[in-house]
Amino acid sequence: MLNRFDGPTITLVVNPKAGRGRAGRVLPKVCSSLLAALPDVHLRVHRAISYDDARLRTIQAVDAARPGADGEPSLDTLVVMGGDGMAHLGINACASTDVPLGVIPAGTGNDFCRSAGLPVTLRGAVQTIVSRTVVSIDLNEVTGDLIDGAERRWVGCSVCTGYEAVVSQGASRSPIQLGGLTYGITALRELARFTPVSYELEIDGGSRRLDAMFATVCNGAYFGGGMKVAPHADLTDGELDLTIVHPVPRSLLLRLLPRMYDGSFTRHPAVELVRAKHVRVRTHPSTIADGDGELLGHTPVDVRAVRGALRLVVPATRTPVREVTP
């Protein structure tokens with residue numbers, strides 16, 4: 001029998017400040033639960049002291065992981081614990097590798113977990129890691145004018161370039177983090193001064209020019225702490241879901257905002273849903289591009305659906321990742 005140090009390694013990278021410090025408080029319980037349920041596993045834990053530190057730790061864990069055999073997942077697993085920012089780092093470390101990613105949500109939004117059909121409770125997330133069940137899901141591959149000169153970034157949920165990007169970045173800078181509530185408050189504040197964006201879109205080779213409140217390129221269904229921006233998104237279909245909200249009066253957008261939480265806003269005639277494999281988004285050069293709540297850079301950006309780009313640890317018996325039509 002393998003002892004703990006010869007068996008698989010789980011590297012757990014934690015943002016202890018996530019969830020207003022909740023992640024740090026529950027970390028000992030998470031570690032003891034994992035060790036009790038997985039006696040053959042070597043558990044390595046890193047409490048990140050900054051975003052850059054967390055990014056480096058996730059990359060190092062993937063680089064050190066032992067490969068699987070004959071197309072099987074790696075023997076070792078990267079697990080991230082925190083909010084959607086930690087999930088984003090884990091996705092970018094594990095994408096296009098054979099190293100599985102596990103996610104323990106401890107933030108206030110947890111949009112990636114919702115989109116992927118993962119538990120958003122601590123107990124359910126730990127049970128998921130213990131199950132060691134791995135499936136492949138799609139990701140958005142983003143290239144273009146990215147920050148830090150990055151060649152590409154991987155996005156699990158959505159790429160935003162309009163009103164929703166302004167709101168997302170404003171919410172991330174807010175001194176008070178209350179998940180979807182912070183996003184909603186920021187949305188109301190930004191609405192008073194926002195004007196429609198002029199877009200040039202290339203959708204699977206076809207060109208369109210239009211003005212819109214936003215044009216969000218989605219892999220998963222959720223953004224903004226629980227808003228269902230792409231109700232029909234399927235993380236295993238190899239396609240993007242583009243949600244376009246055409247120009248509407250501010251008063252109408254205000255009425256549509258609450259309906260974004262159940263996806264029913266997409267029934268309004270001002271909302272257009274498009275499916276594609278590749279979308280190029282060009283707007284004013286100063287327009288920011290946001291992915292999973294993280295700043296990506298500026299437009300233009302190219303977004304491609306990459307089938308099976310991520311190996312994800314999921315519950316042994318989980319609900320399908322495809323969303324129910326609202």
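These are my notebook entries on a predicted model of one protein chain.

**Entry 1: the chain as a whole**

I began with the overall counts. The chain has 326 residues, and 56% of them count as buried. I found 8 helices and 17 strands listed for the chain. I then looked at contacts between residues at least 6 apart in sequence, and 73% of these join residues at least 24 apart.

**Entry 2: confidence**

Since the model is predicted, I looked up the pLDDT next. Its mean over the chain is 87, and 85% of the residues reach 70 or more. Where is confidence lowest, and where is it highest? The lowest is helix α6 (residues 163–172), with a mean of 58, and the highest is β6, at 98. I also noted residues 319–326, where the pLDDT is below 50. Beyond near neighbours in sequence, that stretch has 25 contacts in the model.

**Entry 3: the second largest pocket**

I turned to the second largest pocket, which holds about 560 Å³ of space. It is lined by 23 residues, and R55, I59, N92, R152 and R153 are the closest to its centre. I asked which elements give two or more residues to the lining. They are α2 (51–64), α3 (84–94), β6 (153–155) and β17 (294–314). The largest share comes from α2, with 7 residues. By type, I recorded 10 nonpolar, 5 polar and 8 charged residues in the lining.

**Entry 4: helix α3**

I stayed with α3, one of the elements that line the pocket. How many of its residues are buried? The count is 10 of 11, so I wrote the helix down as mostly covered. Among the buried ones are D84, M86, H88, L89, I91 and C94. After α3 comes S96, and I noted that its phi is positive, near 60 degrees.

**Entry 5: salt bridges**

A search of the whole structure gave 10 salt bridges. I looked at several of them in turn.

D76 pairs with R66, and their closest N and O atoms are 2.7 Å apart. Both residues lie in the loop between α2 and β3 (77–82), so the pair ties together parts that are 10 residues apart in sequence. Are the two partners buried or exposed? D76 has 6% relative accessibility and counts as buried because the cut-off is under 20%. R66, at 30%, is partly exposed.

R208 pairs with E272, with the closest N and O atoms at 2.8 Å. R208 sits in strand β9 (residues 206–212) and E272 in strand β14 (residues 271–276), so this bridge ties together parts that are 64 residues apart in sequence. I found both partners partly exposed: R208 has a relative accessible area of 29%, and E272 has one of 22%.

R209 meets E200 in a salt bridge, at 3.2 Å from N to O. R209 is exposed at 70% relative accessibility, whereas E200 is partly exposed at 33%.

I also noted a network of salt bridges that links D237, E239, D241 and R275.

**Entry 6: backbone angles**

Most residues other than glycine have a negative phi, and most peptide bonds are trans. I therefore listed some residues that depart from this pattern.

R132 is not a glycine, yet its phi is positive, about 55 degrees. I located R132 in the loop between α5 (122–131) and β5 (133–146). It is partly exposed, with a relative accessible area of 40%.

D204 is not a glycine either, and its phi is positive at about 50 degrees. I placed D204 in the loop between β8 (197–203) and β9. Its relative accessible area is 45%, which is partly exposed.

Which residues does a cis peptide bond join? I found T299 and P300 there, with omega about 5 degrees. P300 belongs to strand β17, and β17 is also among the elements that line the second largest pocket.

**Entry 7: A215**

A215 is buried, with a relative accessible area of 1%. I checked its separation from L242, which lies 27 residues away along the chain. The C-alpha atoms of A215 and L242 are separated by 6.6 Å.

Note on methods
Residues are numbered from 1 along each chain as its sequence is written. This is a predicted model: local features need pLDDT of at least 70, side-chain atom pairs count only at pLDDT 80 or more; totals for chains, interfaces and linings use all residues. Side-chain values use heavy atoms; hydrogens and water are left out. On a 1 Å grid over the protein atoms alone, a cavity is a set of points where a 1.4 Å probe fits but cannot get out, and a pocket is an open set with protein on both sides within 12 Å along at least five of seven lines; lining residues have an atom within 4 Å of a point. Grid points are joined across faces, edges and corners, and a volume is the space filled by probe spheres set on the points. Helices (H or I, at least four residues) and strands (E, at least two) are DSSP runs, numbered from the N terminus. Ala, Val, Leu, Ile, Met, Phe, Trp, Tyr, Cys and Pro count as nonpolar, Asp, Glu, Lys and Arg as charged, and the others, Gly among them, as polar. A salt bridge is a side-chain nitrogen of Lys or Arg within 4 Å of a carboxyl oxygen of Asp or Glu. Buried means under 20% relative accessible area, exposed over 50%, partly exposed in between (1.4 Å probe, protein chains only). pLDDT is the predictor's confidence in each residue, from 0 to 100. Contact means heavy atoms within 4.5 Å.
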